[in-house]
Amino acid sequence: MSRRVVIPLGLAVVAVVAVTGWLWLRREDPRPASFHAEPTSAFYSAIDKRQNDTAPLTLNEVFTPATQTLGAMRRDATQQFSDCDEVLWGVSATGCTQALQATYKGGAVAGQFVIFNLSDGRAADALVSALGKDGFVRQDIAFEPVGSRAQARAMGHYVTVSWAGGSAPAQDLVAALVALDGLGRVVQGRIVAAT
């Protein structure tokens with residue numbers, strides 16, 4: 001014998017109003033207080049197009065055991081996305097086939113790193129440019145974005161985004177950002193393999 005769950009109409013209306021109010025009143029998606037962007041360069045010409053570097057990135061390739069700890073931070077989680085727009089707000093990663101993300105935390109600092117696999121250097125440059133003005137990556141680890149620092153780099157057909165924040169002094173946030181940005185060194189192996 002099946003049972004039906006009946007939701008009173010008044011309760012359903014209250015739920016719809018609450019969700020609508022939350023969407024209308026919620027804060028804007030967070031952006032870093034300080035942002036630096038770099039377009040791709042001739043150094044990455046061997047991997048300017050994905051057709052020269054067809055193997056997908058793997059979580060183990062990007063987030064090795066050696067990167068479990070970065071300075072005072074320890075890796076909290078990793079994720080892989082086939083829909084790169086799940087990782088973004090306000091912008092779209094046209095031609096992107098995958099995004100790999102790791103979050104880190106430790107003491108008064110937290111941060112995240114994302115690498116996007118795009119079709120070519122032009123698409124990578126377009127995403128980096130858009131991150132500077134139209135939108136940004138979604139924040140997937142808790143830290144106050146006020147005072148946070150981020151960097152996006154186009155490297156051939158890849159884009160890396162490093163973002164660090166927290167209540168630590170500015171010099172500690174810079175050190176965390178540099179450590180996160182170092183995860184982008186995985187791209188150098190791709191250059192070697194393509195030449």
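Predicted model: local features only at pLDDT ≥ 70, side-chain atom pairs only at ≥ 80, totals over all residues.

C84 has a bonded partner: a disulfide joins C84 to C96, with 2.0 Å from S to S. The link of C84 and C96 is left-handed, at -70 degrees about the S-S bond. C84 sits in the loop between strand 3 (73–81) and strand 4 (88–89), while C96 sits in the loop between strand 4 and strand 5, so the pair ties together parts 12 residues apart in sequence. C96 is buried too, with a relative accessible area of 14%. A search of the whole structure finds one disulfide.

Setting aside neighbours within four places in sequence, L118 is in contact with C96, and its other contacts include R50, A93, T94, G95, A123, A124, L127, H157 and V159. Two of those partners come back when we turn to the largest nonpolar core, which has 29 residues: F116, L118, L127 and V159 touch the most other members. Strand 4, strand 6, helix 3 (121–131), strand 7 (136–137), strand 8 (149–155) and strand 9 each give two or more residues to this core. Helix 3 gives the most, with six residues. Another core, of 26 residues, lies apart from it, and among its members are V109, I115, M155 and I191.

Strand 5 (residues 98–106) runs antiparallel to strand 6, and nine bridges join them. Within this pairing, K105 has A110 as its bridge partner. Two residues lie between the strands of this hairpin, and G107 takes a positive phi near 60 degrees there. Strand 9 (residues 158–166) pairs with strand 6 as well, again antiparallel and over nine bridges. There, V109 stands opposite G166.

For one more local view, consider T67, in the loop between helix 2 (59–62) and strand 2 (69–70). T67 is buried, with a relative accessible area of 15%. Its side chain makes a polar contact of 2.8 Å with the side chain of R75. Not counting residues up to four places away in sequence, T67 touches V62, R75, Y104 and L183.

Finally, let us step back to the chain. It has five helices and nine strands, in the order α-β-α-β-β-β-β-β-α-β-β-β-α-α along the sequence. Of its 195 residues, 42% are buried. Among contacts with a separation of 6 or more, 72% come from residues 24 or more positions apart. The accessible surface comes to about 10,600 Å², and 57% of that belongs to carbon and sulfur atoms.

Methods. Residues numbered from 1 in each chain as written. Heavy atoms only, no water. Pairing = 2+ DSSP bridges. Helix = DSSP H or I, 4+ residues; strand = E, 2+ residues; numbered from the N terminus. Buried < 20%, exposed > 50% of the residue type's maximum accessible area, 1.4 Å probe, protein only. Contact = heavy atoms within 4.5 Å. Areas by Shrake-Rupley, 256 points an atom, 1.4 Å probe, with all protein chains shown as cover. Polar contact = N/O pair within 3.5 Å; in protein donor to acceptor, adjacent residues only side chain to side chain. Disulfide = S-S within 2.5 Å. Core = buried A, V, L, I, M, F, W, Y, C linked by side-chain atoms within 4.5 Å.
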